[in-house]
Amino acid sequence: MKTLTIASLALLATAVAIPVATAQIDDSAVLRGPAAPVYKVSKDEAVAIARTQGLVKLHEAERDDGRWELEGCDAQSREIEIDVDARTGDIVKIEIDDDRWDADCR
């Protein structure tokens, strides 16, 4: 009978220890899914950043894939496209059309 009592106590101790060990696992992040990206740079801020790079006249501003894509004209009436990272405000791309006096920029 002593063997049965010791075995019962060992089984009981194991049964109590298992929930305590697993109680610290946090599954809530899995249930919530991935966090949405945080865009810290507003459209107005992106335009202001683009203006420091030569944008004078804005035609279009669109946020796509974590970037502000800004299209417009520079001071020489050329088309200019500037991409600004919507999280950091960093300039990602600048493209200037070499054709002077573009019809859209007059």
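Which residues does Asp-85 touch, not counting residues up to four places away in sequence?

1. The structure is a predicted model, in which local features need pLDDT of at least 70 and side-chain atom pairs count only at pLDDT 80 or more, while totals for chains, interfaces and linings use all residues. Residues are numbered from 1 along each chain as its sequence is written, and side-chain values use heavy atoms, without hydrogens and water.

2. Asp-85 is found in strand β3 (strands are DSSP runs of E, at least two residues, and helices runs of H or I, at least four, numbered from the N terminus). Leaving aside residues up to four places away in sequence, Asp-85 touches Val-41, Gly-66, Asp-90 and Val-92; contact means heavy atoms within 4.5 Å.

3. Asp-85 is buried but has no salt bridge. Buried means under 20% relative accessible area, exposed over 50%, and partly exposed in between, with a 1.4 Å probe and protein chains only. A salt bridge requires a side-chain nitrogen of Lys or Arg within 4 Å of a carboxyl oxygen of Asp or Glu. The nearest side chain of opposite charge, Arg-87, is 4.5 Å away; Lys and Arg count as positive, Asp and Glu as negative, and His and the chain ends are not counted.

4. Asp-90 lies in the loop between β3 (79-85) and β4 (91-96). Asp-90 counts as partly exposed because its relative accessibility is 47%.
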